[in-house]
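Subject: Model for you to look over

Hi,

Here is the model I promised. Please open it next to this email and follow along.

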Amino acid sequence: MFAVHLMAFYFAKLKEDQIKKVDRFLYHMRLSDDTLFDIMARFQTEMEKGLAKDTNPTASVKMLPTFVRAIPDGSENGEFLSLDLGGSKFRVLKVQVAKEGKRQVQMESQFYPMPNEIIRGNGTELFEYLADCLADFMKTKNLKHKKLPLGLTFSFPCKQTKLEEGILLSWTKKFKVRGVQDIDVVSHLTKAIKKHKDIDVDILALVNDTVGTMMTCAYDDPSCEVGVIIGTGTNACYMEDMSNIDLVEGDEGRMCINTEWGAFGDDEALEDIRTEFDRELDLGSLNPGKQLFEKMISGLYLGELVRLILLKMAKTGLLFGGKKSSALHTKGKIETRHVAAMEKYKEGLANTREILTDLGLEPSDADCIAVQHVCTIVSFRSANLCAAALAAILTRLRENKKLARLRTTVGVDGTLYKTHPQYPKRLHKVVRKLVPNCDVRFLLSESGSTKGAAMVTAVASRMQAQRKQINRVLALFQLTREQLVDVQGKMRAELEYGLKRKTHSVATVKMLPTYVCGLPDGTEKGKFLALDLGGTNFRVLLVRIRSGRRSVRMYNKIFAIPLEIMQGTGEELFDHIVQCIADFLDYMGLKGAPLSLGFTFSFPCRQTSIDKGTLIRWTKGFKATDCEGEDMVDMLREAIKRRNEFDLDVVALVNDTVGTMMTCAYEDPNCEIGLIAGKWSKLPIDLNPFSYHAVFCNTLVPSQRYPSFPNRYEKMTSGMYLGEIVRQILIDLTKQGLLFRGKISERLRTRDIFETKFLSQIESDRLALLQVRRILQQLGLDSTCEDSIVVKEVCGAVSQRAAQLCGAGLAAIMEKRREDQGLEHLKITVGVDGTLYKLHPHFSRILQETVKELAPQCDVTFLLSEDGSGKGAALITAVAKRLQQLQKEN
Ligand code: 0WK
Ligand code: 0WK
Ligand code: BGC
């Protein structure tokens with residue numbers, strides 16, 4: 001028994017000595033916590049540099065966008081092919097995702113050798129070899145008759161501008177194939193596959209193995225948002241906020257970033273921790289100066305590092321009594337599987353002796369203990385360095401989410417992580433030490449990255465199919481130049497129809513004379529009352545016109561027109577209007593003052609004089625009875641009489657388009673057209689000597705030619721309807737399962753629930769997708785990023801068509817003005833008003849571009865009416881009063 005204790009003491013002492021000896025020799029490889037925190041901070045800086053547009057070109061950690069925007073959501077299904085190139089083995093797989101709706105994945109795979117002459121040959125040979133393996137696999141699995149989508153796991157740094165493309169930046173690990181760098185590997189593989197006439201494959205996605213690993217694990221654990229490979233090579237990816245990725249358009253949602261952390265330190269950022277052995281290994285590697293971080297971590301290098309250390313220790317007599325063997329001198333003789341074997345708990349020392357013996361050495365016990373500890377230090381440093389970089393990524397995720405504590409899952413794969421006995425434990429422990437405010441679950445990827453690649457391909461093909469269907473719907477709203485010219489031509493014809501006595505009655509565009517014949521000449525002066533009814537707000541205004549200075553002072557009050565008044569009796573409506581006038585005059589202390597009144601009445605009226613206008617029909621939700629066919633000025637005068645409180649002279653009935661034109665003409669005499677692009681859309685034109693307002697809405701008047709479809713033009717162009725059109729489209733797309741996972745909310749079923757102001761909000765460039773999602777939430781819609789992107793596209797398509805159609809109509813009028821005046825070029829101003837034109841982020845620009853395109857010989861100024869049409873109505877009243885005065889004097 002004493003002998004046993006003596007032996008144990010001797011052995012423990014021996015071990016202690018050897019460990020100390022090795023610790024001293026490899027002092028630089030033992031990284032303190034401070035050093036690890038420092039490396040973590042350095043890596044965080046490198047990530048920033050890689051993500052930023054201006055520093056990315058010089059960054060060593062390239063932070064490559066992968067165009068993988070979402071993890072699997074369980075709706076993926078179908079049959080896919082997958083190639084897995086870049087790890088220790090090359091595999092071809094068939095992946096069946098979610099058969100009969102069950103959330104499961106079945107895989108059949110075949111490994112194929114990667115001969116040296118292929119991985120060190122030229123590109124054409126490589127891709128043809130891959131295509132041959134694929135063809136062989138499809139033959140074996142009887143898939144040649146099928147057209148199948150393929151996902152390519154390509155585990156090398158690739159610059160991507162889309163999912164199905166990958167420009168190789170550089171080879172790493174054992175690969176050094178000529179003629180592939182800086183080329184798109186997808187198109188080259190596609191070309192090679194095409195040579196096999198009997199297989200039909202569509203490469204839909206190229207993914208890095210880290211991304212495939214993250215997706216594979218995310219299929220089982222949706223909180224997985226990091227993928228790490230610690231295998232032949234090493235690397236990591238994670239889901240980054242789009243707003244932090246300068247290299248890709250858009251700020252919405254997230255995208256997976258392939259960090260390519262293997263190149264960390266290629267800019268000498270880690271020279272202080274790299275040792276002579278790292279430098280020696282690098283010099284002897286296939287890519288000196290490159291992948292320096294990887295060369296301190298991954299499986300392709302750990303064994304070689306140990307060999308170089310053992311060789312140096314032998315040379316300095318610290319091992320094997322200074323004896324060396326040719327094997328110990330031979331590069332690559334010690335592999336990482338040997339290191340893993342030597343670090344096994346129980347049989348580690350025995351393995352060490354066996355391995356050293358196989359290397360032609362005669363190791364002593366002390367040597368074996370020492371060598372085992374060398375392995376420990378080398379692999380421990382590897383785990384530490386990995387942990388430091390991973391901790392940096394986890395910290396970034398926590399900060400992106402603005403969380404005090406992050407709960408997340410890291411998907412891991414790679415032979416070193418999987419086969420080295422201590423590696424996972426060491427890595428987890430150090431990560432938790434470096435980021436105590438992160439609860440990290442490490443999930444080993446059982447089925448490799450290809451399952452993940454199939455997921456990405458499944459998502460890509462689903463998105464591709466969806467995109468096709470969505471594009472089909474959106475295409476309905478995309479108007480070609482020919483179509484716009486056609487609309488312009490039709491509008492032009494309708495203008496002529498409307499003007500001609502013979503065709504007026506059948507015309508859809510009614511071209512109603514307004515009896516506004518003259519523009520203000522600056523002599524107008526006095527106080528005028530104006531009413532502005534028919535837009536979003538009902539306003540009563542007092543307009544003080546000062547002669548000679550072409551400026552007016554305005555006081556106004558906005559009043560509501562309750563629905564029951566809009567849809568009550570005509571008498572109630574006009575009594576309500578007069579009540580508002582009374583409140584306003586009270587408020588202005590002008591009750592009883594004799595005032596002339598201009599009445600902006602924005603509904604189609606057939607006028608026979610400036611103060612006589614018969615309502616043709618109500619529009620815009622107004623339905624007051626006993627009004628259609630009645631003279632609106634009479635009804636107002638009767639209501640004023642009924643009130644018998646003030647002395648008002650209703651001088652002019654004006655459409656809001658005419659009021660808007662006049663308001664703008666007061667500043668710019670070139671203004672001969674008024675446009676309302678608001679909740680409703682209309683256009684008046686001044687056609688010598690009469691201004692007509694081409695009430696498109698009067699297309700609303702059922703005429704012989706269009707008995708039943710009133711307001712078509714307005715229903716495609718005005719704010720009142722755009723939201724409703726969007727709602728209809730969203731319902732249609734949701735029914736097709738293309739949006740909101742096919743779930744239509746109760747609120748979305750509600751007519752007019754999707755207000756046009758939502759379009760303006762959703763389409764504003766400043767609004768992040770998150771806010772779009774908030775709007776959709778208000779409609780009871782639980783949306784994904786993709787959903788929000790599609791909703792934004794739908795809004796854009798609908799508002800673009802509206803603006804273009806408005807532009808085509810306006811261009812028709814301008815061209816008529818120009819030709820009527822026999823001008824080669826017409827310089828003209830359009831006075832504009834209306835909430836859609838004023839508030840929608842793109843409407844006015846698209847409308848103006850369309851006019852420019854369709855009426856190139858017109859030099860058009862668009863003048864926004866700041867004061868509304870009420871001012872115009874007052875000016876028209878002043879002009880009418882002036883002309884009346886003139887007539888009296890003559
Ligand atoms: C298995 C994955 C593959 C990846 C490999 C990395 O399916 O995509 O490249 O792990 O580990 P290695 O084989 O290099 O040890
Ligand atoms: C403001 C004008 C008013 C016109 C309105 C149209 O003062 O006469 O009806 O613009 O824009 P909407 O309010 O329909 O957007
Ligand atoms: C490559 C990475 C790959 C990693 C793991 C590295 O050498 O650059 O793209 O993810 O190895 O296979």
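A polar contact here is a pair of N or O atoms within 3.5 Å. Keep that cut-off in mind for the ligand contacts below. One caution before you start: this is a predicted model.

**Ligand 3**

With that cut-off, Phe156 makes the list: a backbone N or O atom of Phe156 sits 3.3 Å from an oxygen atom of ligand 3. Two side chains also reach the ligand. An N or O atom in the side chain of Lys173 is 2.8 Å from an oxygen atom of ligand 3. For the side chain of Glu294, the distance from an N or O atom to an oxygen atom of ligand 3 is 2.7 Å. How much of ligand 3 does the protein cover? The ligand has 310 Å² of accessible area on its own, and the protein covers 99% of it. Helix H6 (209-220) and strand E10 (234-241) are the elements that each give two or more residues to the shell around ligand 3. In total, 15 residues surround ligand 3. The closest are Thr172, Asn208, Asp209, Glu260 and Glu294.

**Ligand 1**

Ligand 1 has 15 residues around it. Asp84, Ser88, Thr232, Thr415 and Ser449 come nearest.

- Thr232: a polar side-chain atom lies 2.5 Å from an oxygen atom of ligand 1.
- Thr415: a polar side-chain atom lies 2.3 Å from an oxygen atom of ligand 1.
- Ser449: an N or O atom in the side chain is 2.5 Å from an oxygen atom of ligand 1.

The protein covers 92% of the accessible area of ligand 1, which is 370 Å² for the ligand on its own.

**The sheet with E2 and E5**

Look next at an open sheet of 5 strands, in the order E4-E3-E2-E5-E8. Its pairing is mixed. Strand E4 (105-112) and strand E8 (200-207) stand at the edges. Each has a single partner strand, so one side of each is left without a neighbour in the sheet. From one strand to the next, the twist averages 25°. Strand E2 (residues 78-85) and strand E5 (residues 147-154) pair in the parallel sense, over 5 bridges. Asp84 has Thr153 in E5 as its bridge partner. Asp84 is also among the residues that come nearest to ligand 1. H6 packs on this sheet and touches strand E3 (90-97), E4, E5 and E8. The direction of H6 makes about 95° with that of E8.

**Domains**

The domain assignment gives domain 1 as 1-463. Domain 2 is made of 494-498 + 502-519 + 527-721 + 802-889. Their centres, taken over C-alpha atoms, are 71 Å apart.

Best wishes

Notes. Residues numbered from 1 in each chain as written. Chains lettered and ligands numbered in written order. Predicted model: local features only at pLDDT ≥ 70, side-chain atom pairs only at ≥ 80, totals over all residues. Heavy atoms only, no water. Domains from an automatic or database assignment. Near = heavy atom within 4 Å. Polar contact = N/O pair within 3.5 Å; in protein donor to acceptor, adjacent residues only side chain to side chain. Areas by Shrake-Rupley, 256 points an atom, 1.4 Å probe, with all protein chains shown as cover. Helix = DSSP H or I, 4+ residues; strand = E, 2+ residues; numbered from the N terminus. Pairing = 2+ DSSP bridges. Axes fitted to C-alpha atoms, helices over the stretch in contact; angles between N-to-C directions. Contact = heavy atoms within 4.5 Å.
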